[in-house]
Amino acid sequence: MFENLPITRADDGSYRTVDGGTFRVDETHRSTADRVADMTGDDAAIHPDGTGLSEADSERDQQLHDIDIDPVTRVAGSLAFHANVDLEERTVREAHAQATLFRGYEIILEGRDPRDAIDLSSRACGVCGAVHSICSSMALEMALPVEPPPMGVWARNMGQAAAFLYDNSLHLHLLAGPDYSAAMMADTNPDLLATARETAAPHADIHGYETVGEIMEGLNPLEGDLYLSALEKTRDARQMASLMLGKYPHPSTIAPGGVTTTLSRSSFTQFYTRLDDMFDWAKQVAYLWDDLMDFMLEEQPGFEHVGEHPKNMIGTGVYDDPDVYNARYQDADEWGNARLATPGVIVDGELVTTNLTELDIGIEEFVDHAYYEDWTDEAVPFETSPAGDPLSPYHPWNKETRPKPDGKSWRERYTWGTAPRWDRHTMECCPHARLWITALAEEVDNPFIRPTGDGIEFDLPEAELEEMTLRWDVPDRLNAAERLRGKAYALAHHALVCYTGFIESLELLKQGEDAVHNEFSIPKSGTQRGVGFWEAGRGFLTHHLTLEDGLVDNYQIVTPSTWNSSPTGPFGQSGPFEVGAMNTPILEDFDGEEDFSAIDILRGVRSFDPCMPCTVHMYTAGGDDVISENVTMTTCGCSTGSDDKPAEVTLREMLADD
């Protein structure tokens with residue numbers, strides 16, 4: 001499986017394998033474009049590295065148009081997207097995702113007390129800060145070592161699942177949903193909107209919208225009743241998360257060894273009063289998005305290709321079993337497979353592994369097209385994992401963050417995002433990947449969540465709506481429609497994790513096992529390693545750390561949007577955002593270039609729920625140091641001051657004065 005790991009790069013541009021052999025870029029795995037062509041049956045050439053526009057293409061200059069969308073996201077303006085579009089052929093010729101913000105937390109954490117990592121890494125995101133806190137605490141639990149008591153594990157599980165109820169509801173109805181609203185459709189697809197208004201919604205008896213057109217009206221920004229209802233549900237879910245984790249989005253109760261929240265029967269009662277409503281919300285949202293996506297696939301020819309990507313997915317899994325989890329790397333395969341969402345890797349639709357150790361050693365992170373310098377000119381810190389498996393020089397435990405923001409060129413460097421790969425494959429992650437892996441693995445043993453090999457069945461209890469079994473089926477394709485459908489069904493998964501935790505926690509209270517935290521100590525000497533395997537609302541998340549004599553020596557974060565928004569890697573493979581855009585046909589109605597909105601490209605990219613590093617960055621009143629110009633608006637930029645010092649130098653000078 002890992003026949004090409006680890007690797008090093010030679011001066012002549014070749015790569016050297018662990019057995020001493022060499023290869024060049026064009027001798028590695030087939031590119032993502034080749035796999036896409038096989039999957040779709042499309043013989044048209046895709047050039048994921050931006051090359052290949054031949055001299056003959058100059059004849060079509062009249063039809064080729066560069067478009068730049070900045071920002072892409074509706075929350076934080078840290079993602080820009082460039083595409084070269086043939087408006088006559090209605091195809092996307094080139095695509096490049098650009099993360100416009102240098103995050104810098106890896107450098108900020110160097111030399112710090114390890115306990116600082118939990119609070120500081122949480123600020124990497126203003127939406128899903130708790131996932132970073134928990135992931136960081138798990139990395140420290142492995143390094144110290146310490147393991148939490150059962151109630152501490154359930155508090156983390158329930159707080160995280162509640163945060164996902166908030167996060168996924170937000171994306172579906174406030175971030176991606178407006179792309180399918182009546183207000184948007186009236187401008188971009190008016191005939192489709194007219195058909196939607198005459199098309200009955202098959203599950204109207206559950207979600208309450210009589211026609212698909214009514215669903216689209218409900219998604220109208222700021223005024224649609226579905227948009228407004230989602231705002232209420234996100235508030236309830238945040239309250240649930242706060243009951244378990246103290247506050248949200250940046251909890252101060254997360255620590256190695258569990259949580260420090262004060263939990264009682266009253267806490268769980270308040271939690272359940274909100275969870276009861278979430279059962280009905282999960283039922284309604286699943287069927288509502290079924291009706292909307294089925295309509296789009298049936299009535300809009302070509303929509304099945306919007307955002308299409310090969311079925312390559314990765315996930316670390318989430319929701320630990322307190323009877324199995326012990327934070328030890330050597331036991332990670334056992335406690336990983338005991339999770340209520342199974343870790344794993346899918347390549348070309350086939351489940352390759354569910355073992356966290358295999359998943360871990362297959363990860364490499366490249367910076368060929370990013371604003372960083374390669375770090376492999378120095379000795380490799382770790383040639384093996386804690387279990388003795390070989391590690392690539394490009395593995396996160398061996399990575400060093402070296403920012404180098406030199407210029408911008410689509411064929412060279414163009415983003416602050418790196419290019420993670422697993423066994424040289426481009427991967428995507430999101431709730432649909434979590435469901436997909438869990439369904440194929442059939443490892444979960446839970447009375448309410450049943451993977452079947454080709455799907456998952458969710459038994460939701462009675463609330464105002466009757467008891468109901470939802471079934472999510474493994475799709476035939478991976479595209480925008482299935483990402484959104486998967487996220488809708490994921491709400492049932494999160495709600496049932498909360499339900500399971502509620503039942504288990506009450507039983508622990510009955511037995512007098514109310515401890516939520518075990519004590520820990522920081523080693524004062526030696527080298528310790530740890531990794532947190534967790535998931536964010538968009539999927540895969542790892543924090544790899546190294547401690548040296550009691551302080552953080554190296555800290556590396558790989559987020560789901562790092563995978564999804566990755567630039568072209570060293571093997572010519574574009575990232576998932578980019579491949580998805582290049583497979584997207586132009587379906588909107590427009591009369592000329594001035595009327596073109598690129599909504600189909602946006603629907604594809606936004607289906608991934610892009611969450612670039614956002615909000616809550618370091619700010620200095622003088623503005624001469626670094627990082628944020630406007631925290632309130634969550635738009636971030638990197639400033640290096642009037643003397644134009646490199647960002648890395650400025651950061652280190654600030655930290656030296658701290």
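Two strands count as paired when DSSP finds at least two bridges between them. Keep that in mind for His544, which stands opposite Gln556 in S19. This is a predicted model, by the way. Strand S18 (residues 539-548) and S19 run antiparallel and are joined by seven bridges.

Those strands belong to an open sheet of three, in the order S17-S18-S19, with antiparallel pairing. Strand S17 (527-536) and strand S19 (551-558) sit at the edges with a single partner strand each, so one side of each has no neighbour in the sheet. From one strand to the next, the twist averages 15°.

## The helix on the sheet

Helix H4 packs on this sheet and touches S17, S18 and S19, with its direction at about 150° to that of S17. Is His132 buried or exposed? His132 is buried, because its relative accessible area is 4%, and buried means under 20%.

Leaving aside residues up to four places away in sequence, His132 touches Ser121, Ser122, Ala124, Cys125, Leu541, His543, Ile557 and Thr559.

## A strand covered on both faces

Now for strand S5 (residues 79-86). Eight of its eight residues are buried, so S5 is largely enclosed by the rest of the structure. Both faces are covered: Leu79, Phe81, Ala83 and Val85 are buried on one side, and Ala80, His82, Asn84 and Asp86 are buried on the other.

S5 also has strands alongside. Six bridges link it to strand S4 (residues 64-69), running antiparallel, and Ile67 has Ala83 in S5 as its bridge partner. Strand S6 (residues 91-99) also runs antiparallel to S5, with eight bridges between them; there, Asp86 has Thr91 in S6 as its bridge partner. S5 and S6 make a hairpin with four residues between them, and Arg90 in the turn has a positive phi of about 60°.

Helix H5 (residues 150-175) has 26 residues and reaches 36 Å from its first C-alpha to its last, close to the 38 Å expected at 1.5 Å a residue. H5 is mostly covered, with 25 of its 26 residues buried.

Helix H18 (residues 599-606) has eight of its eight residues buried, so it is largely enclosed by the rest of the structure.

## Rings and charges

How many aromatic pairs does the structure hold? There are 24 aromatic pairs. In one of them, the rings of Phe366 and Tyr394 have centres 4.8 Å apart and planes at 40°, so the pair is tilted. Phe366 lies in strand S12 (residues 363-366) and Tyr394 in the loop between S12 and strand S13 (419-422), so the pair ties together parts that are 28 residues apart in sequence. Phe366 is buried, with a relative accessible area of 1%, and Tyr394 is buried too, also at 1%.

Elsewhere, ring pairs link Tyr272, Phe279, Phe448, Tyr499 and Phe502 into a cluster. Arginines turn up over rings as well: the charged end of Arg238 sits over the ring of Tyr166, 4.9 Å from its centre, and Arg483 lies over the face of Phe608, 3.7 Å from the ring centre.

Terms used: Residues numbered from 1 in each chain as written. Predicted model: local features only at pLDDT ≥ 70, side-chain atom pairs only at ≥ 80, totals over all residues. Heavy atoms only, no water. Phe/Tyr/Trp six-rings, centres within 6.5 Å; stacked < 30°, edge-to-face > 60°. Helix = DSSP H or I, 4+ residues; strand = E, 2+ residues; numbered from the N terminus. Buried < 20%, exposed > 50% of the residue type's maximum accessible area, 1.4 Å probe, protein only. Lys NZ or Arg CZ within 6 Å of the ring centre and 35° of its normal. Contact = heavy atoms within 4.5 Å. Expected span 1.5 Å × (residues − 1). Axes fitted to C-alpha atoms, helices over the stretch in contact; angles between N-to-C directions.
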